[in-house]
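Let's walk through this model together, one piece at a time. Keep the sequence and the 3D view side by side as you read.

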Amino acid sequence: MLQVMTASVPAPPRRRFFASKQVSTTTSETDALCNEIRQVCRFDWMLFDRIRLSDTTVIPFALIGPKGLFLVLQNEAVVEWMTEESCHVIDPMHGRKMFTPHPINQSKRIVQMVRKTLKEQGIVLPIHGITLFPNAPQMRTERIKFPMGHSFNDVRAFIVSKKSSPVKEQERKQVAFYLAQQQE
């Protein structure tokens, strides 16, 4: 009898759907996000990570579900104080200094870019953005009109707070297909 030894074929990477499938994670931040979102989003939610919109724009996480598309953006700056017009960081050598470009303006620009891209494809749905500052737990804010937080717990609270018209399953599938194509 002839036995043929073949190399094992690696399993294709799993998509991160929130039904009963397992989520393959690589970092503790991704674990935290998935665990938090699973508590809020039991069914009909899909999570995508590292979505490249252009050569310079990468969205860390995008979540599509019945309440719309949620873009979870991260900023690694150690921000001390932020208003709608200015953002101040602490530089160990020089003290407080202005941080440019303003993180909130960057986030708004990314949300508008995604909204415009989806609209060109004929998809109109609620798009929400939230910016996380994980390295700035002591950040003070004044009159900021864009949702922001420090951890993925804030993402959960933000998703729960949104009361928008439900997104149809067909639109969710279209957006999920687009995001899957743009994933790195």
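In which helix is the place of Arg172? Arg172 sits in helix α4, and since this is a predicted model, everything that follows describes a prediction. With a relative accessible area of 9%, Arg172 falls under the 20% cut-off, so this residue counts as buried. Its surroundings are worth a look: leaving out residues up to four places away in sequence, Arg172 touches Asp44, Met46, Ile64, Gly65, Pro66 and Val167.

Lys173 forms a salt bridge with Glu169, and their closest N and O atoms are 3.4 Å apart. Both residues belong to α4, which spans residues 169-182, and they are four residues apart, about one turn of the helix. Glu169 has a relative accessible area of 48%, which lies between the 20% and 50% cut-offs, so Glu169 is partly exposed. The count of salt bridges comes to one.

The largest nonpolar core contains 32 residues, and Leu69, Leu71, Val79 and Leu118 have the most contacts inside it. Strands β1 (46-52), β2 (58-65), β3 (68-74), β4 (79-83) and β5 (87-91), together with helices α2 (103-120) and α4, each supply at least two residues of this core. The largest share, five residues, comes from α2. To see the packing from one position, pick Leu69: beyond its neighbours within four places in sequence, its contacts include Ile64, Val114, Leu118, Ile127, Val175 and Leu179. There is also a second, separate core of twelve residues, among them Leu47, Leu132, Val155 and Phe158.

Leu132 brings us to strand β7, residues 127-132. Is this strand enclosed or open? Six of its six residues are buried, so β7 is largely enclosed by the rest of the structure. Both of its faces are covered, with Ile127, Gly129 and Thr131 buried on one side and His128, Ile130 and Leu132 buried on the other.

Finally, follow the strand pairing around β7. Strands β3 and β7 run parallel and are joined by six bridges; within this pairing, Gln74 has Leu132 in β7 as its bridge partner. Strand β9 (residues 148-149) also runs parallel to β7, with two bridges joining them. Here Leu132 stands opposite Gly149 in β9.

Terms used. Residues numbered from 1 in each chain as written. Predicted model: local features only at pLDDT ≥ 70, side-chain atom pairs only at ≥ 80, totals over all residues. Heavy atoms only, no water. Salt bridge = Lys/Arg side-chain N within 4 Å of Asp/Glu carboxyl O. Buried < 20%, exposed > 50% of the residue type's maximum accessible area, 1.4 Å probe, protein only. Core = buried A, V, L, I, M, F, W, Y, C linked by side-chain atoms within 4.5 Å. Contact = heavy atoms within 4.5 Å. Pairing = 2+ DSSP bridges.
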